[in-house]
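Subject: Structure for your reading

Dear colleague,

Please find the structure below, with its sequence.

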Amino acid sequence: MEKIVIQTDKGDLLQVENFIQALCDGYHLGNYAATISVPVLKAVELALAAGKTQQDVVVESDYCATGVCFTIKSQTPCFSQDDASPLSSPAQLDESFLFFQMLADSFEVLEQGKMITFIFAVRGINPIEAENRMSVIQQFFSANVLEMV
């Protein structure tokens, strides 16, 4: 298991991004780095935003039965268990949970919203699913670039 602990500072997101990239390289999953980093970084942003005082946010990764898992732990609730329902329609989800559902193979909110775990089934991803995920990522980044201009 690999782990990084950051404080409530948005500048630490670069550390998390580098952590994800290094793990993807180490796991020989460089092609999946963007698919993995978008939901994980979004979850870390939610955890950082929920902290009213200085707190630790822990990001862990390890192999799991179907691929790799990433867990984000916060000291305060920051993930809504209602949004994590697989029955939620995309229109009812906030943007973050839409990314979670579209890019992760599965995710689970635990510990009364203080923890979220993502599973990326990278061993058996099919080309159509990979193309759909790339499309979601490209739409996200093109929308954010337009907003920033």
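Among contacts in the protein chain between residues at least 6 apart in sequence, what percentage join residues at least 24 apart? The figure is 64%, where contact means heavy atoms within 4.5 Å.

Residues are numbered from 1 along each chain as its sequence is written, and side-chain values use heavy atoms, with hydrogens and water left out.

Confidence

The pLDDT is the predictor's confidence in each residue, from 0 to 100. Its mean over the protein chain is 79, and 77% of the residues reach 70 or more. Confidence is highest in β5, at 93, and lowest in helix α4 (residues 127–148), at a mean of 66. Over residues 86–93 the pLDDT is below 50, and this stretch has 10 contacts in the model beyond near neighbours in sequence. Where pLDDT is low, the predicted coordinates should not be read in detail.

Overall fold

The protein chain has 4 helices and 5 strands. Helices (H or I, at least four residues) and strands (E, at least two) are DSSP runs, numbered from the N terminus. Along the sequence, their pattern is β-α-α-β-β-α-β-β-α. Of the 149 residues, 44% are buried; buried means under 20% relative accessible area, exposed over 50%, and partly exposed in between (1.4 Å probe, protein chains only).

Nonpolar cores

A nonpolar core is a set of buried Ala, Val, Leu, Ile, Met, Phe, Trp, Tyr and Cys residues joined through side-chain atoms within 4.5 Å. The largest one holds 36 residues, of which Ile-72, Ile-116 and Phe-118 touch the most other members. Elements that each supply at least two residues of this core include β1 (2–6), α1 (13–26) and β5 (115–120). The largest share, 9 residues, comes from α2. Apart from this core lies another, of 6 residues, among them Val-38, Phe-99, Ile-137 and Phe-140.

Strand β2

Which side chains meet in the structure's 1 salt bridge? They are those of Glu-60 and Lys-73, at 3.5 Å, N to O. The pair links distant parts of the chain, with Glu-60 in strand β2 (residues 57–64) and Lys-73 in strand β3 (residues 67–73). A salt bridge is a side-chain nitrogen of Lys or Arg within 4 Å of a carboxyl oxygen of Asp or Glu. Glu-60 counts as buried because its relative accessibility is 13%, whereas Lys-73, at 30%, counts as partly exposed.

Ser-61 also lies in strand β2 and is buried, with a relative accessible area of 2%. Its side chain reaches the backbone oxygen of Cys-69 at 3.2 Å. Tyr-63, found in strand β2 as well, is partly exposed at 47% relative accessibility.

Yours sincerely

How values were computed:
This is a predicted model: local features need pLDDT of at least 70, side-chain atom pairs count only at pLDDT 80 or more; totals for chains, interfaces and linings use all residues. A polar contact is a pair of N or O atoms within 3.5 Å; within protein, one must be able to donate a hydrogen and the other to accept it, and residues adjacent in sequence count only if both atoms are side-chain atoms.
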